Each structure stands twice: as C-alpha cells, then as structure tokens.
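Dear colleague,

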Amino acid sequence: MTARRLPGLLTSGALLALALVFFFPMIWMVMSSFKTNSAIFSTPFALPESIDLSHWVEAWTVGNLGQYAINSAIVTVVSVTLILLLGAAAAYALSRYRFPGRGFVLSLFALGLILPLQSYFIAQSNMFTQLGVTDTRLALIIPYGAMGLSLAVYLLKVYLDALPEELFEAARIDGASDRQLFSALAMPLLRPGLATVAIFSALAAWNEFLLALLYIQDDALKTIPTGLLAFSTRYVTDYSLLFSALSIVTIPMIVIYVVFNRQIVEGITAGSVK
Amino acid sequence: MKPARSITPWLFLAPALLMFGFAVLLPMVFTVGYSFTDWNGFGAMTFVGLDNYVTAATDPIFRDSFVHVCLYIGATLVLEVLVGLGLAGIVSAVAGRMWFRVAIFTPVMLPMVVVAVLWSFVYNPDFGLVNATLAAVGLEELQRIWLGDPATALAAISVVSGWVYAGFYMMIFYAAFRQIPHEVQEAARLDGAGEWSLFRRIKVPMIRSAVWVGVLLCVTGGFQGFDLFFVLTNGGPYGATEIPTTYLVKTVFRNGEVGYGSAMAVVLTAIVLGVGLLYSRLSRQRASRPSEDRAVDVVAAGPAVVDRLVVPEQAR
C-alpha cells in the first residue's frame, strides 16, 4: 500500500472501539444468557459468574427451536432449489434466443424486482386459504420461490449475456440439442451467478417474517422468525431463557457468515433490490 | 440465436412464468380488483367503485401512518445511508482491516425478528442497555421507556434499523469506492488534499450513482418496512409508530376489511413504483455514465421497467 496518513495502530484502536460499541448488544445478549434473571436486572454490564449452559439446554428443549430450525431448513432448501432451476432455465431462454414476446416477459420479471410484497400478498393469502395451502410448507415455498425468481432471472441473464455467442453456435453445430446446450454448457458456466442467487435467496427465505406470520399457525410448521416470536410471547419474562434462545439462533449464523463472509457480502449486495 | 423450434424458449420459460404468475402477478391483479369492493374475505363481495380510496384519503390513521413512515425514512436516510457512506469512507481511507467491515455488516445477516427481540431488551426500561448506560454515566434523568413513550418510540425503531443497515450501505459504497482509479486519488493527494477533502470533493462525487441507488433502496425499502415495527411496538404507543404496512395488516387480517386494506395496498404500491419512476427519470437526466458495479445495474432495472411502462419507448 502507498503511504498512509493515519498512524496504523491508533486507527486500529479507534476502529476496534467503534466495532465493540456496535457489537455490544450481541455481546451483552450472550453474557446475559449465562446469567440468572436477577443478575440480568442487578448487574447488566457484569461478566457472568460462570459459563452456565443450562438455560441454553432448557431453551432448546422446551422452546421447540430444533423443530423451527428444521422447518426453516426445509422451506429454504426447497425454495432455493426451485429458484435456481426455474430461474436458470428462464434466464437461458431470455438470454440466448430471440423470439416474439421476449421483451414483454423480461419486463414482467424486472417489474418483480421493484414490486412490493404488499401489492399481492392480500389476494395471495386468500388464494392459499381457498386452495387449502395455508398451514402447509407449500404456503411458504411457493411465494419464496416466486419472489426469488425475478432476481434470479435478471441476474443470471446478465451472466449468460456475457458468454460469447460462438460457444453456443459451435456446440449447436456439433449436434447438441437445446436441452443439452442449457444443462451441459450454460449451467456449469453459470456457477458463480447461481452461487450469488442461492446466497441471497437462502437468506431471504431463512429470515422472512410477514408471510410466515400470516400463513403458518401450526407451531409444528413454524420457521425460526415466527417460532422465536411465539417463544418470546410464551416466556415473556424469563429473560435468561430468551437471551439463550436468541444466542442459539444468532451464533450459528454469525459463524457461517464469518467463514463465508466474502461470498455472503457479494451475494447480499449484488442481490439486494429491496 | 434462433431456437431450433419456435416453442423451445417457451418450454424453458413455462415453469418460471407459471410460478411467478400464480404467486405474484395473479394475486396482484386480484388485489387491485378487491380494492373496488366491500368484502370481509369470505361473504358476499359488493362492488363499491372508488369508495375505499375516498375512505383512505380521509382516514386520519392512514394519513398519520404516512407521516410516521416518512419521518422513519428521513431518519434512516441519515442513520443508514449517510452513516454507511461515512463508514465506507473510513474503511476505504484506512486500507485493510477487513475484520472491521465483517463486524459492521453482521446484523444484515440476522432475521429482523431476532434483531427486534434483542433490541426490545436493549430498550427495556428495567435492565436494558440504554438506560443502564445512562445510569452508569450519571445521566439518570435522561432515562426513558423508549418504546413506550410516543415521543421516542419512532426514533428508537429508526436507530435499530440504522444499526442493521448501516453496514449494508457501507459495503455497497465501499465496493463503489474501490472502482475509483488510483491515479485520481494520488493526483489529489499530490495537490495537497487531505483525507476529508478527498472524500468530500473527489470520492463521493465519483460514486454519485451508487449513492442514489442507496437512497432509492432506503426509500422504497422504508415504505415496505414491517418486521421491526410489528415486533417492537405494532403501531403503539397510542398509534405513534403506526405505518401503512402495520395498519393494512391489521385492517385486513384482524378487522377483516379486505377491500379497504387492498385499496391501501394499491396506494402503497403506487408510491413505491412512483419513487422508482422518479429515480429512473432523474438518473436518465444525469450523465449516462455506466454504473460502477453490477448491484447498481440490477437495482436500476426495476425502476427502468416502470419508466418504460409509463412512457413506451416509441413515444420518446
């Protein structure tokens, strides 16, 4: 690096202090999860007397957290798989072929990039009730998949547009069918784009709250956001239990984030349209 | 490339179009339809023309909810976009220290509900961090029931929003700063520019389009905010944090006024699309320089389509 004006050590110290203040709510959350309720009230800043994991065990067993995590995982994996497969196929058609109606279809998906959830969720909820889909996992998989498609189609099309036309013409001359052009040629080349879409859509599905709140009443099917909210209304004043539940939900995500932070930051910023 | 058969592209498109059409486009059309009716969700549906829109225009709760959300958006433009820009300036001036960026971005990862429950504790009047900190530095008289006081509740929620998204905008702007050619900054330094004037006069103007995208995301996202408000106050205390999204969810799913709620949803949608349109117009008037990174292109695509729908290409 070229000459820096700010003395390095001082800068690091200042940044560390800033990061610590910023991070303090999460540090406090974990500290409090090891304390008794009375210690949470009397000495909010004190370090816990010991690393007591009993509240964690209790939160996990009485709080149904394992079931919520499984539900979130199922909904996330299925909807992301749908987004990647359907989105890539649609992006392939829109990028590689010229056909009547192409511009219109592209506009529909691009419109989805800016359309707020509020523009359709009232009728969607009504449709799902009529069809008996509410209180099944499909009630979340279908909208999460559909909402993710706009971004997938648009972003993957950008990646596909960058591939040289000659690549596809040559494979065509060698006798490849359209299906083979897509699955054997385009899909492998799309891998970086698919990863970005997967990260963004997975986080969106994992964290989504409003639709999960409206469509899932059955506690056995709740995902982490609605499950945690149900938990927090059930144990309103048992703060050590609630801090433990928050820690259990938060810490694995932070670990995953620290390990894959480059891909995740790229995925969220490139994918963020809302 | 020409498809082998004319049906081929449609075979590739069909599954995505079906899913998107069924779960997004069709219910969107229905929602607009509902907005012209008086309907409780299951009984008879009566056509009432524009009555719901007239009601919305004169409903003081709905009007106040827009005042609240605009105040919230104004606060988040500062706490998220401006703070994010400042943080991006800092990290781009100090080089390296990736751990700092990683730390500040962390809350973006977490479910908003988890953030909201955590911050409901931070604001807790009895043991919360905010009041405990004030007590520790001898400012007891500033202690408040932050989320229970109509004077502070909206600001308290805006701070949480800033805590989450400042890191997000920092990353967007940081990525844009890194696209600025090194020679430009070196030349300015040789001319004696300090880090601050370099930031203000050279770097920020050079990433102007990324900043505008940040503003667009913050404004359109602000109108759609729901999770934090629902968990922290659900419109209270005394309606001080009622925003259009929480009000319309109550109207439809608690009071069963589907027609009226749909009209509010249409108004909200129109505003978001209108902001997108405005953005598209303004960004077209500015120099048509290619944007700095892919995030900017993707974000601009939505508004551009709204723009084309309003004024067809041929008419220009």
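Predicted model: local features only at pLDDT ≥ 70, side-chain atom pairs only at ≥ 80, totals over all residues.

Chain A on its own

Along the principal axes, the C-alpha atoms of chain A occupy a box of roughly 75 × 65 × 30 Å. Of the 274 residues in the chain, 49% count as buried, and, among the contacts in chain A with a separation of 6 or more, 79% come from residues 24 or more positions apart.

The interface with chain B

On the chain A side, 86 residues are in contact with 81 residues of chain B. Helix α7 of chain A, which spans residues 138–161, gives the most to this side, with ten residues. When the residues of chain A that touch chain B are divided by class, 63 are nonpolar, 16 are polar and seven are charged.

The axes of helix α4 (residues 65–96) of chain A and helix α1 (residues 8–34) of chain B come within 8 Å and cross at roughly 135°; because an angle over 145 degrees would be needed for roughly antiparallel, α4(A) counts as oblique to α1(B). The crossing of α4(A) with α1(B) is left-handed. On α4(A) the residues involved include Leu86(A), Gly87(A) and Tyr92(A), and those they meet on α1(B) include Pro9(B), Phe12(B) and Met19(B). By class, this contact of α4(A) with α1(B) has eleven nonpolar residues, one polar residue and no charged residues.

In the second pair, the axes of helix α1 (residues 8–33) of chain A and helix α4 (residues 98–109) of chain B come within 10 Å and cross at roughly 15°, which makes α1(A) roughly parallel to α4(B). Here too α1(A) passes α4(B) in a left-handed crossing. The contact is formed by Leu15(A), Ala19(A), Phe22(A) and Phe23(A) from α1(A), together with Phe100(B), Ala103(B) and Ile104(B) from α4(B), and by class it has seven nonpolar, no polar and no charged residues.

With best wishes

How values were computed:
Residues numbered from 1 in each chain as written. Chains lettered and ligands numbered in written order. Buried ≥ 20, exposed ≤ 12 C-beta atoms within 10 Å, placed from the backbone. Contact = placed C-beta atoms within 7 Å. Helix = DSSP H or I, 4+ residues; strand = E, 2+ residues; numbered from the N terminus. Nonpolar A, V, L, I, M, F, W, Y, C, P; charged D, E, K, R; others polar. Axes fitted to C-alpha atoms, helices over the stretch in contact; angles between N-to-C directions. Parallel < 35°, antiparallel > 145°, perpendicular 65-115°, else oblique. Left-handed = near helix turned anticlockwise from the far one by under 90°.
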